[in-house]
Amino acid sequence: MTTRISLLAGIAAGAVLAGAGWSTAEAETTLTFTSFGGAYQKAQREAWLDPLEKELGVRILEDTLTGIAEVRAQVRSGAVNWDIVDLGLGDCSAGQAEGIFEPLDYQQIATQGIEKAAYDSHWIGVIYYSTVLGYSTERYKDKQPASWADFWDVESFPGARALRDYPIANLEIALMADGVPAGQVYEVLGTPEGEKRAFAKLDEIRDHIDVWWNSGAQSAQLLRDGEVDMSTIWNGRLDAIAEAGAPVAYTYNQGILALDCLAIPKGAPNRDLAQKVVARIVAPDLQANMPPLMNYGPTNAESFESGQITQEMRERSPSSPDNLKVQMISSAKFWEENRNRLQEAWDAWKTR
Amino acid sequence: MSATGIESLAARRAGRPDANAPELAADERRERLHLFGLSLPALLVIGIVAFLPTAWLFWLSFIDEGSFSLAHYERMVREASYLRIFWSTFEISAVVTVIAILLGYPLAYLLSQLSERAASLLLILVLVPFWTSLLVRTYAWLVLLQRRGVINDWLQGLGLVDAPLRLVHNYTGTLIGMTHIMLPFLILPTYAALRTIDRDYLKAAASLGASPLRAFWTVFFPLSLPGLMAGALLVFVLCLGFYVTPALLGGGRVLLVSMKIQQNAGMYFEWGAASAMGVILLVATLGIFWGLGRLVSLDRVMGER
């Protein structure tokens, strides 16, 4: 049995990862992949895990988590059950800083086609989603808002507005509305003057914000029920209500891309196999399996060249080359360093 | 006790007044032990679910990154938002309590004046919402109050307003929702207290020439205060820790201690940060009780003799 599996796995690994080291005599044959459950994890199973089980001749078990706290608890107590975890970008960055992840083996991972901001030594981005400007097509029939400057322009675009009750993304948006190019947002925001500038810009819109939303479902409900006419929203949430018939649309222009990423908890029982599986999941062919199932963007741009993604999906995908061009990527590093401070500043601003 | 009385009477008659005193004392000790034994499970439960966690919370609030520290308290002094959040929490709790009294007391009074049968029927109207899920009631308010909600549709349909009123996602909506949910907590204890007030007092007042209004204010109202105070305190304390309704109806405009605690637990990855806020809230609440206790006798409110 072991021989057959090693042989199969060896062939697969040899075929896909030419030159990668595969010398372990006793190969690991099972692995636990842990993600957020629901429709997302079902899509992950279908897009990545099922093909990999066949290809590598291994069994991939699944578990679910809600965030980094559970990973931290496992690593700190020395009882690690999970081999690969799917986490939000901020958690990945925090986990790397805390030292609770294994370093990824970039001998095995081909990073060609992956944005520099989308991977680091201990984590790698696995899907993109975007915070975009969503609006009512009923309210804005003739002229649609197309930038954050338009969101701020209450004269040309009257209507009820909503933003998330959270500093992340809002401070970037405020600076872009104030004319800072997407590429310089973090540079500006990192200075005390830039921070002041962002809050000053938010002061302008503050009285026009009807709702500060605090969950993705809420932002979708607000737009769907016509409670607000424009709002920041995650593209997947808006797709869902638009497909259900709500008169809403969005623009990717100046959207803020965020990532979910994969990491291997320190001391994971099957970490050699985990390295291999992570390397395969971020490869273009498996990445291309996700968009037909769910509109999350592949992190590997080469997957758009694989022929598996239709033109229509490409236009809607948050990370297709055309859409990527007009957006910015949220900086995990910036928020890791500044999150707590800016959250307190945000609350002080909100309660002022 | 009466059995003991008869026995000691018998003993005295026999000329040996305290002959069985040791046995009686032993009996009493045994009885106390039995009572203690019977209440031990309850005491253990209270100790485990109430006292231990509170003590643990207190302890955690002084721990930062594994060692003793005042960091969590320092942050609350340093960051301006904390004081404002505590202030708005106490403010909204007080406002909700006052509105609940204004709405709830007359209703409780009406209920207490009706026949038992009629009162029970009306009480169902108080109890049914009370038994309905908090989330359901909160979302129901959202449906009623929002821009394209039922109330705004009516108001606009009747031509009473031109533009929809902003009834929710703000302070107003939070007050409406919280008051609705808190009302039964005020009505039930108040009603129970009003029921026990002897109506003969009012008749006596009337026979001495008091007008109905005067009889109410000088006789009935003071007698109803303990029940009302119990209800009001219950509402006030429950409001202080209220999370769901203000979070859903406040539209992010109403930031209360409970929300900040939740945010802190997630933000600093240390229970200490959240614990410190819990401790301050607890201390502030006890402070208010103490202050109130100096004004009104809390013993009466709490139902002790």
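What follows is a short chat about a predicted two-chain model.

Colleague: Hi! How are things numbered and lettered here?
Modeller: Residues count from 1 along each chain as its sequence is written, and chains are lettered from A, with ligands numbered from 1, in the order in which they are written. The model is predicted, so to speak with its cut-offs: local features need pLDDT of at least 70, side-chain atom pairs count only at pLDDT 80 or more, and totals for chains, interfaces and linings use all residues.

Colleague: How many residues of chain A are in contact with chain B?
Modeller: 17 residues of chain A are in contact with 16 residues of chain B, a contact being two C-beta atoms, placed from the backbone, within 7 Å.

Colleague: And which element gives the most on the chain A side?
Modeller: H15(A) does, with seven residues. Helices here are DSSP runs of H or I with at least four residues, and strands are E runs of at least two, numbered from the N terminus.

Colleague: New topic: which residues have the most contacts inside the largest nonpolar core?
Modeller: Among them are A:Ile84, A:Cys261 and A:Val278, in a core of 94 residues. Such a core joins buried Ala, Val, Leu, Ile, Met, Phe, Trp, Tyr and Cys residues through C-beta atoms within 7 Å, where buried is 20 or more other C-beta atoms within 10 Å of a residue's own. Strand E8 (residues 248-263) of chain A gives the most to this core, 10 residues.

Colleague: What does A:Val278 touch, sequence neighbours within four places aside?
Modeller: A:Ile84, A:Leu104, A:Ile109, A:Ile124, A:Leu262 and A:Ile264.

Colleague: How many helices and strands in chain B?
Modeller: Chain B has 14 helices and two strands.

Methods:
Buried ≥ 20, exposed ≤ 12 C-beta atoms within 10 Å, placed from the backbone.
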